[in-house]
Amino acid sequence: MLGQEHSLATLQQALALSTADQTEVLLLAQDSGLTRFANNAIHQNVAETNAELRVRTVLGKRVGVASTHDVSSGGIARVVETAREITRFQAENGDFKSLPPPEPIATVAAYFECTAQWGPEGRARWAAAVCRLAAEAGLSAAGAFQTGRYEVAVANSLGVSAYYASALAELNATVMSESSSGYAEFVSMDANSVDAEALGREAIERALRGRQPADLAPGEYPVVLESYAVGDMLDNLAYLGFSALALQEGRSFMRLGERIMGGNISIWDDALDRTGVPMPFDYEGVPKRHLDIIEDGMAQGVAYDSYTAGRDGKQSTGHALPAPNSWGPYPMNQFLEPGEATREQMIASVDRGLLVTRFWYTRPVEPLRAVITGMTRDGTFLIERGEVTRPVKNLRFTESYLDAMSRVEMLSRATRLGYNGYAATRVPAIKVSSFRFTGVTEH
Amino acid sequence: MMRDMYARALDVARGGGASYADIRVVRRESQTVATKNGRVEALSQGDDLGFGVRVLVDGSWGFASSSNLNGQEIERATRLALRIARASTRVRLAPMEIGQPLVITDSYHTPTKVDPFAVSLDEKIQALLAADEAMRRVKAIGVAEAGFETLRETKTFASTEGSYIDQVITMTGGGIEALAVGDGDVQKRSYPNSFGRQMGTGGYEIVQEMDLLGNAPRIAEEAAALLTAPQCPSGVTTVILDATQLALQLHESCGHAVELDRVLGYEAGFAGTSFLKPEDLGSYRYGSEQVSIIADATVPGGLGTYGYDDEGVPAQRYPIIQNGMLAGFLTSRETASRLGQASSGAARADGWNRIPIVRMTNVNLEPGTCSFGDLVSDTDEGIYMQTNKSWSIDDRRLNFQFGTEIAWEVKGGKLGRMLKNATYTGITPQFWASCDTVCSREHWSVWGTPNCGKGQPEQIARVGHGTAPARFRKVRVGVLG
């Protein structure tokens with residue numbers, strides 16, 4: 001671990017070497033390990049110690065970026081020089097206003113040393129628990145358990161100087177029988193809160209219940225979507241439309257001030273909420289701000305970084321990704337407002353429909369309508385007269401996520417935290433009155 | 001000096017109980033230029049150097065990597081790899097094996113005509129901006145983008161078996177995209193391929209040969225025309241796929257399905273498994289007689305071309321599908337030994353901080369004998385689809401759905417009106433069984449897929465697919481949400 005003092009000193013060393021009009025230095029470091037298992041045995045087990053320095057320099061209206069993993073004095077000097085050279089070749093960008101000025105940054109106390117120090121022996125214990133339970137049930141387990149500590153430090157020549165260390169444990173397990181599979185995942189900043197056996201039992205229960213799936217004709221069905229599937233919906237909606245750049249370029253479905261989802265849907269981004277995966281500032285050192293994206297179905301706001309904010313004459317919301325970034329700002333800590341229902345009440349309300357564990361390989365078909373195609377995976381079940389009656393083979397859907405979010409009839413009170421490797425969502429399970437399934441596969 | 005450090009790591013590994021160990025030191029230099037609407041959107045240069053040590057202890061793997069390349073850190077990482085391997089042994093069924101020892105001392109360099117790092121940034125930027133401007137002359141174009149990317153990987157592999165291999169792999173690519181906005185719609189066209197670029201192993205000559213400027217007006221006009229083009233109809237019909245779309249079809253429904261780690265369940269927790277089983281080898285009908293697929297890590301210019309894989313196994317060329325029958329898998333040393341085979345040289349790592357896993361090389365569909373003109377003339381009714389827009393396939397690689405940027409009606413042996421939002425869907429072996437014609441070698445080239453994700457932590461592989469246009473019968477098209 002580099003630590004705050006060393007990280008900020010490294011940034012200042014780089015800033016001192018730069019002769020550009022403005023300079024930003026971003027340090028990303030990690031010390032992580034990941035244990036993978038399949039067929040009830042660990043087959044891959046890795047560790048990574050990594051540090052990357054990204055230097056963004058500004059000469060007038062020209063901006064350039066260079067990066068290196070060599071954070072020695074020589075490496076720092078070289079990357080600063082490379083960034084300056086690159087910037088000289090840039091054309092002027094009239095929309096660029098400035099790197100962001102310093103602002104007060106909130107403190108987020110979310111660092112668990114136990115997670116940072118969790119070693120391969122601890123991950124092996126988790127894997128052993130899941131594999132043993134699966135073997136006892138006559139099933140085969142696969143999955144990945146990752147623990148690590150991560151550091152972000154950013155400083156610029158205008159006075160920004162920020163440092164944040166975090167630690168995260170991410171676990172997912174897929175348990176299979178000859179004819180079925182079940183899935184479970186768990187994310188926490190506190191590795192001591194991990195209950196690997198509970199994770200294994202959740203996946204095993206789905207795998208057992210999913211055996212010998214029946215054929216079901218494609219068509220439109222009411223669905224209860226587990227929170228894993230709902231998390232995918234928010235990930236895709238954010239990717240396609242919740243960025244100011246997408247809106248500026250006309251490729252976003254967001255029509256600010258208009259109703260684009262059901263009145264029971266509110267989505268916001270809050271990186272300071274400790275029930276998510278918090279981070280107090282973005283990759284430009286701008287403090288993270290609460291962002292209402294959808295409020296009671298109305299398109300309310302999009303994520304800004306300093307560049308897109310400058311174009312619109314607005315303030316950055318603190319959603320910059322590391323430069324260079326042509327995709328634009330991104331909300332990395334989304335929440336979907338829960339409802340009052342229990343999962344059981346949602347299932348009980350369906351006369352004939354489907355219970356879907358998760359979506360897989362989802363891709364946009366028509367971005368402006370947020371039409372997505374993908375598969376169900378790891379547990380798809382038929383609901384008949386309010387009860388889960390039997391498993392069905394996985395189905396392909398082709399559905400507008402906007403339309404689906406306009407047909408949400410119930411939301412669960414319970415929420416689950418999901419993490420896709422770079423962004424978190426905390427979402428409930430939902431019941432959608434109709435969801436369009438367009439194909440079926442053989443398992 | 002460096003070689004001594006690598007030897008020291010291997011000695012530490014042996015001394016710590018490793019029956020096998022290797023160290024890879026990888027430097028990846030990169031340069032990207034992206035223009036958008038007349039200005040340089042991103043200009044970046046990266047230099048990524050580090051090492052990874054892999055050890056096999058009592059039949060279990062451990063791996064540790066670091067960006068801090070010095071003797072002390074190499075020794076620390078080696079000891080951590082040993083500790084990780086010992087932790088792995090706690091959840092083990094049978095010991096991992098890697099087959100017969102391999103001892104190779106050699107070096108390999110990608111042949112390049114024009115060093116992509118030696119060409120001035122100004123020349124690259126001007127080439128992209130010229131194409132960008134040509135696209136924006138078409139009124140409906142809201143976003144015009146052009147991009148250039150080059151990577152140079154300098155890597156050393158050393159193992160306790162005695163191998164020592166140096167390689168320099170150079171990859172270069174570029175492309176343009178025009179996004180038309182209007183009439184409540186957004187439509188995109190790309191050239192030469194989607195994913196922002198076409199890429200291969202080689203130098204700047206790859207980009208020079210693309211003629212981005214010459215193709216810019218055409219794709220911009222096509223994007224604009226798509227805004228008012230009719231929707232692709234729904235139904236079951238004949239489909240002709242252009243070579244770029246077929247490359248992705250091949251990638252998703254064949255390339256991944258024949259990765260032996262997927263077949264053996266290694267990827268069940270993330271990317272998924274395969275509908276194929278080890279015992280299918282030689283007896284499973286994957287496609288029609290017209291379908292022959294070769295894995296070829298030696299084809300000149302392919303994005304998946306190299307001298308040795310990241311286990312030090314030589315690049316190879318061998319059949320995957322022969323006249324429709326399953327003939328081979330993509331393998332690593334460990335997975336191949338599970339079948340009593342030698343590795344096919346397809347274990348690749350995405351840099352110093354990742355372990356080698358089974359990846360595609362260049363998975364190529366062998367060309368047939370028909371010209372594209374004759375193929376269209378021979379088609380009474382159908383749809384010709386070009387350039388991938390969306391892709392999705394299930395976790396066993398059976399049910400897929402693809403969308404293309406543009407399509408054309410085929411009627412009476414001629415290309416007719418333009419269609420938008422074309423999609424098609426199917427089940428892998430049924431789809432390849434419906435292939436009745438593959439176009440000839442004059443229409444065949446190797447397309448790069450620079451964004452293949454797999455593994456945990458995720459690894460991005462750069463792989464290639466040699467394809468020519470091909471025809472498929474009774475395909476379901478026009479799936480809409």
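How many Å separate the centres of domain 1 of chain B and domain 2 of chain B, taken over C-alpha atoms? The separation is 21 Å.

## Ground rules

This is a predicted model, where local features need pLDDT of at least 70, side-chain atom pairs count only at pLDDT 80 or more, and totals for chains, interfaces and linings use all residues. Residues are numbered from 1 along each chain as its sequence is written, chains are lettered from A and ligands numbered from 1 in the order in which they are written, and side-chain values use heavy atoms, with hydrogens and water left out.

## Inside chain B

Let's start with chain B, which splits into domain 1 (2–226) and domain 2 (235–477); bounds like these come from an automatic or database domain assignment. Where the two domains of chain B meet, 50 residues of domain 1 are in contact with 45 residues of domain 2 (contact means heavy atoms within 4.5 Å). About 3,900 Å² is buried between domain 1 and domain 2 of chain B, with carbon and sulfur atoms giving 53% of it. Buried area here is the accessible area (1.4 Å probe) that two parts lose on being put together, summed over both. On the domain 1 side of chain B, R24(B), F195(B) and L226(B) lose the most area to domain 2, together 16% of what that side buries.

Now for the charges: six salt bridges are counted between domain 1 and domain 2 of chain B (a side-chain nitrogen of Lys or Arg within 4 Å of a carboxyl oxygen of Asp or Glu). There is also a salt bridge between E311(B) and R54(B), with the closest N and O atoms 3.1 Å apart. Strand 2 (residues 39–57) of chain B gives the largest share of the domain 1 side that touches domain 2, six residues. Helices (H or I, at least four residues) and strands (E, at least two) are DSSP runs, numbered from the N terminus.

## A look at T387(B)

T387(B) belongs to strand 16 (residues 381–393) of chain B. Why is T387(B) counted as buried? Because its relative accessibility is 4%, and buried means under 20% relative accessible area, with exposed over 50% and partly exposed in between (1.4 Å probe, protein chains only). Leaving aside neighbours within four places in sequence, the residues in contact with T387(B) include S190(B), D242(B) and E405(B).

## Inside chain A

Chain A gets domain 1 (4–198) and domain 2 (213–443) from its domain assignment, and their centres, taken over C-alpha atoms, are 24 Å apart. In chain A, 37 residues of domain 1 are in contact with 32 residues of domain 2. The area buried between the two domains of chain A is about 3,000 Å², with 63% from carbon and sulfur atoms. E103(A), Y183(A) and E185(A) supply 17% of the area that domain 1 of chain A buries against domain 2, more than any other three residues.

Three salt bridges are found across the interface of domain 1 and domain 2 of chain A. R311(A) and D95(A) also meet through their side chains in a salt bridge (3.1 Å, N to O). As for polar contacts, the count between the two domains of chain A is ten residue pairs, both at pLDDT 80 or more.

## Where the chains meet

Between the chains, 74 residues from chain A and 81 residues from chain B take part in the contact. Chain A and chain B bury about 6,300 Å² between them, 52% of it on carbon and sulfur atoms. R36(A), F89(A) and Y361(A) supply 10% of the area that chain A buries against chain B, more than any other three residues.

Six salt bridges are found across the interface of chain A and chain B, and E249(A) and K36(B) form a salt bridge through their side chains (2.4 Å, N to O). Strand 2 (residues 41–59) of chain A gives the largest share of the chain A side that touches chain B, eleven residues.

How values were computed
A polar contact is a pair of N or O atoms within 3.5 Å; within protein, one must be able to donate a hydrogen and the other to accept it, and residues adjacent in sequence count only if both atoms are side-chain atoms.
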